[in-house]
Amino acid sequence: RSPRARDLARRIAFRQLGLAELARSPVLAGSIQFLRRAAFGGQPTEEQDALLWDSGSRACDAYTRGNLPMPLLVQMALAWQGMTNTLGWAGAASGLPPELRGPGAYILGCRYRRLGRAEDARMLFETARAEARENALLARLADAERARQTAAPGKP
């Protein structure tokens, strides 16, 4: 539903992708669409969409290289369902590659905010900001969410 996904679908239809990209692209596009709906209500900003595509692509690469083992994926699934303890986010965060930890915290923070879990969202946005380092886009997005929560404390 996003311009990037439509472009990707066009490139698939016209066979403009190599075999590896052809296998990877539908999974990536489907995963990003799922995240767009669950974390952003289907309407991410342009910057949030850019973060989704960048981190989704990096996650696919990390999975292909074997840097996202099944126990870590299970912890991320549990974090997505609401667990912030060592079985969920606290455990997953330490095992995630650095380039995925900050974006993962931000996306999960947006999901928790939508679920009405303001304190957990705040913790995740703080983690995203701390992990941003060289990622100016992530830093800007995390700062905006932190400012939003400061302006309206306790509101999702």
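Predicted model: local features only at pLDDT ≥ 70, side-chain atom pairs only at ≥ 80, totals over all residues.
1. The crossing of helices α3 and α6 is left-handed (the near helix is turned anticlockwise from the far one by less than a right angle). Their axes, lines fitted to C-alpha atoms over the stretch in contact, come within 10 Å and cross at roughly 130°.

2. Residues are numbered from 1 along each chain, and side-chain values use heavy atoms, without hydrogens or water.

3. On the α3 side, residues including Gln48, Leu51, Leu52 and Ser55 meet α6 residues, among them Tyr106 and Ile107 (contact means heavy atoms within 4.5 Å). The residues of this contact divide into nine nonpolar, two polar and three charged.

4. Helix α3 (residues 46–65) also packs against helix α8 (residues 136–151), at an angle of about 130° and with the axes 10 Å apart. That makes α3 oblique to α8. This crossing is left-handed too.

5. Which residues have the most contacts inside the largest nonpolar core? They are Trp53, Trp89, Tyr106 and Leu108, in a core of 39 residues. Such a core joins buried residues (under 20% relative accessible area, 1.4 Å probe) through side-chain atoms within 4.5 Å. Helix α6 gives the most to this core, with seven residues.

6. Tyr106 touches Gln48 and Leu51, and also Leu138, Leu141 and Glu145, among others.

Methods: Axes fitted to C-alpha atoms, helices over the stretch in contact; angles between N-to-C directions. Helix = DSSP H or I, 4+ residues; strand = E, 2+ residues; numbered from the N terminus. Parallel < 35°, antiparallel > 145°, perpendicular 65-115°, else oblique. Buried < 20%, exposed > 50% of the residue type's maximum accessible area, 1.4 Å probe, protein only. Nonpolar A, V, L, I, M, F, W, Y, C, P; charged D, E, K, R; others polar. Lists of a residue's contacts leave out its neighbours within four places in sequence.
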